[in-house]
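Welcome! Here is a short briefing to read alongside the structure, arranged by topic so that you can look up each part as you go.

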Amino acid sequence: MDDPPSPTPRVTRTLLELVTIIVGVLIALAVDSWAAGRTDRELERHYLESMARDLRSDSATFARLFLPAMAEKEQALRTIAPVVRGGPLRGDTLEFLRRVGLGGRLGSTAPVNLTLATTHDELVATGHLALIRSPALRGAIVEHYYRMRIQTDRLRARIADYPMYVHRYVPAELRGLETEAEMRAFGLARAVRGFRSPEFEALMNQELNFLFLARSVFEEGAVETQAMLRLVDAERARLGASREAPP
């Protein structure tokens, strides 16, 4: 009697089919992983470019708005302080009132944020902060924006009612008047008396305290923003170089 056929060819064929399937799955997973990695790298570059734009905007705001405003504010407050504290009013009364108004710069409208945190907030909200591969840079980003939020809160806590008081005596319509005669008819003497009151002196002192804090915050913020921008630009340059390097 003949022996039954050996099962070896069937087993071999089954194993080959299984190996083929496994290899196909592994190749598909590898391709997906490569594609996902490439997408992540493009996203990383996109976020770093966007953050660099935010930081450049912040740097320009510190240099062109915040710091000049503080210099103008300090000059105005130091000019009016002797008069507010009982000294004689010398010179042009219109100029005095103008400086009273300048003394409130940024006082009632302290920046909602010291930074344009659009990119940072998106990174946090989407969980994409992990796409930034450099641990040092991730840490620097988190620390920078955390410090800016803390500093913003410190400024908000120091805002006084100085600007609102000024508006009681120098309302918006008064600012359109160009001569002292017009302003006198509007109530110039009353305004000057109002700015020599103990209430306004206390508000002016608060505004001076706000000035000293804000100037320090803005100076430090300008330096820190530039440092943060250098870190981001360095990482962008590194990624650009790695992309162009031959495999």
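**Aromatic residues**

In this predicted model, Tyr-162, Tyr-165, Phe-195 and Phe-200 come together as one aromatic cluster.

- Searching the whole structure turns up 7 aromatic pairs.
- Take Tyr-162 and Phe-200: their ring centres are 5.0 Å apart and the ring planes meet at 40°, so this pair is tilted. An angle under 30 degrees would have counted as stacked, and one over 60 as edge-to-face.
- This pair links distant parts of the chain, since Tyr-162 belongs to helix α5 (residues 162-169) and Phe-200 to helix α8 (residues 198-244), 38 residues apart.
- Both Tyr-162 and Phe-200 are buried.

**Nonpolar cores**

- The largest nonpolar core has 34 residues, and the members that touch the most others are Ile-80, Tyr-162, Phe-195, Phe-200 and Phe-218.
- Helices α1 (8-84), α2, α4 (135-158), α5 and α8 each supply at least two residues of this core.
- The helix that gives the most to this core is α8, with 11 residues.
- Another core lies apart from this one; it has 18 residues, including Ala-52, Leu-131, Ile-132 and Ile-141.

**Salt bridges**

- Side chains of opposite charge can pair when their charged atoms come close. In this structure, a search of the whole model finds 16 salt bridges.
- One of them joins Glu-95 and Arg-98, whose closest N and O atoms are 2.8 Å apart. The two residues sit 3 apart in helix α2 (residues 93-102), so about one helical turn separates them.
- Glu-95 is partly exposed, at 29% relative accessible area, and Arg-98 is partly exposed too, at 42%.
- Asp-233 and Arg-236 form a salt bridge as well, with their closest N and O atoms 2.9 Å apart. These two are 3 residues apart in helix α8, which means that about one helical turn lies between them.
- Asp-233 counts as partly exposed at 24% relative accessibility, and Arg-236 is partly exposed with a relative accessible area of 29%.
- Arg-168 counts as partly exposed at 47% relative accessibility, as does Glu-199 at 42%.
- Arg-41, Glu-44 and Arg-133 are linked in a network of salt bridges.

**A look at helix α4**

- Helix α4 has 24 residues, which at 1.5 Å a residue should span 34 Å; the C-alpha atoms at its ends are 35 Å apart, and this agrees.
- Which residues of α4 are buried? They are Leu-137, Ala-140, Ile-141, His-144, Tyr-145, Met-148, Gln-151, Thr-152 and Leu-155.

Technical notes:
Residues are numbered from 1 along each chain as its sequence is written. This is a predicted model: local features need pLDDT of at least 70, side-chain atom pairs count only at pLDDT 80 or more; totals for chains, interfaces and linings use all residues. Side-chain values use heavy atoms; hydrogens and water are left out. Rings of Phe, Tyr and Trp (its six-membered ring) pair if their centres lie within 6.5 Å; planes under 30 degrees apart count as stacked, over 60 as edge-to-face and the rest as tilted. Helices (H or I, at least four residues) and strands (E, at least two) are DSSP runs, numbered from the N terminus. Buried means under 20% relative accessible area, exposed over 50%, partly exposed in between (1.4 Å probe, protein chains only). A salt bridge is a side-chain nitrogen of Lys or Arg within 4 Å of a carboxyl oxygen of Asp or Glu. A nonpolar core is a set of buried Ala, Val, Leu, Ile, Met, Phe, Trp, Tyr and Cys residues joined through side-chain atoms within 4.5 Å. The expected span of a helix is 1.5 Å times one less than its number of residues.
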